[in-house]
Amino acid sequence: MDRKHIRWAAWQAIALAGPAAYILGLSLRAGPLPDMDYWGIIADVIDEEGFKTDPSAWLRPQNEHFVVVTRLLYAANVLLTGGHNLGLTLFTWLAA
């Protein structure tokens, strides 16, 4: 790479670092999710005893949409963070 491309890449990194740091700061201060934010999607696959092993519960559509990946992400969030908003916001920040 020549100097022009290196400088351009450095400016791009600087331009992205500010907003990314700001959003990460907001994410780290995030509180727990209210139940109604995602309870409708995950209520089919979890009960008092834990997560259901019946595949039909995981594959059941939500408002005519298949949300298997969303259910898996929410389930991972419940397992890893107890359902805290921090897990989902950090996942979103990293994916962006």
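The model is predicted, with local features requiring pLDDT of at least 70 and side-chain atom pairs counted only at pLDDT 80 or more, while totals for chains, interfaces and linings use all residues. Residues are numbered from 1 along each chain as its sequence is written, and side-chain values use heavy atoms, with hydrogens and water left out.

Helices (H or I, at least four residues) and strands (E, at least two) are DSSP runs, numbered from the N terminus. Axes are lines fitted to C-alpha atoms, for helices over the stretch in contact. Angles run from 0 to 180 degrees between N-to-C directions.

Helix 5 is described here through two packing partners. With helix 1, the axes come within 9 Å and cross at roughly 165 degrees. Helix 1 is therefore roughly antiparallel to helix 5. Angles under 35 degrees count as roughly parallel, over 145 as roughly antiparallel, 65 to 115 as roughly perpendicular and the rest as oblique. The crossing of helix 1 and helix 5 is left-handed. In a left-handed crossing the near helix is turned anticlockwise from the far one by less than a right angle; clockwise gives a right-handed crossing. Helix 1 contributes Ala20, Ile23, Leu24, Ser27 and Leu28 to the contact, and helix 5 contributes Leu86, Thr89, Leu90 and Trp93. Contact means heavy atoms within 4.5 Å. By class, this contact of helix 1 with helix 5 has 7 nonpolar, 2 polar and no charged residues. Here Ala, Val, Leu, Ile, Met, Phe, Trp, Tyr, Cys and Pro count as nonpolar, Asp, Glu, Lys and Arg as charged, and the others, Gly among them, as polar.

Helix 4 (residues 68–81) packs on helix 5 (residues 85–95) at an angle of about 125 degrees, with the axes 8 Å apart. The two helices are therefore oblique to each other. Their crossing is right-handed. Leu73, Tyr74, Asn77 and Thr81 of helix 4 meet Gly87, Leu88 and Phe91 of helix 5. The contact of helix 4 with helix 5 divides into 4 nonpolar, 3 polar and no charged residues.

Asn77 is buried, with a relative accessible area of 4%. Buried means under 20% relative accessible area, exposed over 50%, and partly exposed in between (1.4 Å probe, protein chains only). Residues up to four places away in sequence aside, Asn77 touches Tyr38, Gly82, Gly83, His84, Gly87 and Leu88. Tyr74 also counts as buried, at 17% relative accessibility. With residues up to four places away in sequence not counted, Tyr74 touches Tyr38, Ile41, Ile42 and Leu88. The C-alpha atoms of Tyr74 and Ile41 are separated by 8.5 Å, although these residues are 33 apart along the chain.

A search of the whole structure finds 1 aromatic pair. The rings of Phe51 and Trp58 have their centres 6.1 Å apart and their planes at 35 degrees, so the pair is tilted. Rings of Phe, Tyr and Trp (its six-membered ring) pair if their centres lie within 6.5 Å; planes under 30 degrees apart count as stacked, over 60 as edge-to-face and the rest as tilted. Phe51 lies in strand 2 (residues 50–51). Its relative accessible area is 27%, so Phe51 is partly exposed. Trp58 is buried, at 16%. Leaving aside neighbours within four places in sequence, Phe51 is in contact with Ile42, Val45, Ile46, Trp58, Ala75, Val78 and Leu79. Phe51 and Asn77 are 13 Å apart, C-alpha to C-alpha, and 26 residues apart in sequence.

Most residues other than glycine have a negative phi. Phi of Asn63 is near 55 degrees, a positive value. Asn63 is exposed, with a relative accessible area of 63%. Glu64 is placed in the loop between helix 3 and helix 4. Phi of Glu64 is near 70 degrees, again positive in a residue other than glycine. Glu64 counts as exposed, at 78% relative accessibility.

Gly18 lies in helix 1 (residues 3–28). Gly18 is partly exposed, with a relative accessible area of 41%.
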